[in-house]
Amino acid sequence: MGQDPYFPGNGDIRYRVHRYELTLDYRPAPNRLSGTARINAIAGRGQLTEFQLNLADFRVGRVRVDGRAAHYTHRGGKLRVRPAKPLRAGAAFTVEVHWSGNPRPVSSPWGGLGWEELEDGALVASQPVGAPSWYPCNDRPADKASYQISVTTPSAYAVVAGGRLLTRTTKASTTTWVYEQAAPTSSYLVGLSIGKYETVLLGDPGPGGVPQHGHIPAHLLPRFSRDFARQPAMMELFQELFGPYPFDEYAVVVTEEELDVPVEAQGLSLFGSNHVDGARGSERLVAHELAHQWFGNSVSIADWRQIWLNEGFAKYAEWLWSERSGGRGAQQLAAVAHRSLSALPEDLRLADPGRKSMFDDRLYQRGGLTLHAVRCALGDDAFFRMLRGWAGLYRGGAVTTAAFTAHVARFADESLDELFDTWVYGTALPPLPSSGTGAAV
């Protein structure tokens, strides 16, 4: 698998990371972050005389490889490391990096990404290339690793990260929070939020259920309680339709500030105060972010050309939730999406939308319609078996469009090549798909 064509400067394909252990100290008032990363990695097929990590504009204190000081250069967001002696092909090695400074978002075609200082706290929203704004990483979605994250911050603040809270220890005026995310995680999906939150349990998970917590500013609790009341029912439905929830637990954070869109992270989703209105006005987004835990987070993309496999699936999950919770059916919602697309330029190719159009709303809508077309072609029984198989077979892995079309073919009685040629590889908008039965689940 080569460098990502959309972000050739991000990530290094000459090695892969097995585990990150991040020890961070953050002071919100001066927006000061200092950290140590211990990165366990494995060299690829060739000898490594040097390798690269992505890290934004921090002061780097020292870099060690297997305990020995390494030569390094750090500029333009790239930390190039030359070990004291070359690493042989296939060798396991450990990198230790110390860094400090004032974290800020990295610039991108979509504005600042990554670490964002809030009026009172901070949050991380890294998709697609913001992770180096706060820690050194091999920043490509296919290089997935486990994480342990320790954050020390003044005790007035709560720290929320994706994963299981192992310990919370208070000493003098600071508290250290340690989270473990054992499931393979892409660097852009490492979520973190630091703020003054109340924590509530959503629903009763019961034995073997998935614990779901909300972390919310106290004054937003009444609205949150209504807006997220149906999330446990979504979790139940999506486990029925997609298979078991792929992580230990699920957390949602609502910040004091407004966000353009909610952001998914591994085991965690971040919403802005504008997404809670007390009238369930953003419920489709609650479903969308939850669905990403299966499609995008557990089943990740091999590179950013494949982003429709994240967004089209999460869009279709919105329609499935609507259909099953007494709202409009998927066929009606598909018709609405098809109408809106028919009024827009038909120059977007799902299989390779180009960097500029990665987050174009047309990709989300056309992706949802493509899945609806597959459902109409397969019939409901085969379609949902196919979806559960996809989520199960590639759990913790990274996928491509070609892998998806091959997977679907195993559930089809006849060739779906033409369907994929028109919906996924073509640009013209095909006719609205219909199963003739209203395609009710």
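D380 is partly exposed, at 23% relative accessible area. The terms here: buried is under 20%, exposed over 50%, partly exposed in between, with a 1.4 Å probe and protein chains only. D380 meets R375 in a salt bridge, 2.9 Å from N to O. A salt bridge here is a side-chain nitrogen of Lys or Arg within 4 Å of a carboxyl oxygen of Asp or Glu. R375 counts as buried, at 1% relative accessibility.

A word on the source. This is a predicted model: local features need pLDDT of at least 70, side-chain atom pairs count only at pLDDT 80 or more, and totals for chains, interfaces and linings use all residues. Residues are numbered from 1 along each chain as its sequence is written, and side-chain values use heavy atoms, without hydrogens and water.

How many salt bridges does the structure hold? There are 21. One of them joins E96 and R38, with the closest N and O atoms 3.8 Å apart. E96 lies in strand β8 (residues 92–101) and R38 in strand β2 (residues 32–43), so this pair ties together parts 58 residues apart in sequence. Strands are DSSP E runs of at least two residues, helices H or I runs of at least four, both numbered from the N terminus. R38 is partly exposed, at 38%.

Next, the sheet. It is open, with 8 strands in the order β5-β4-β8-β2-β1-β11-β14-β13 and mixed pairing. Two strands pair if DSSP finds at least two bridges between them. At the edges sit β5 (68–69) and β13 (164–171), each pairing on one side only. β1 and β11 run parallel over 7 bridges. L24 has V151 in β11 as its bridge partner.
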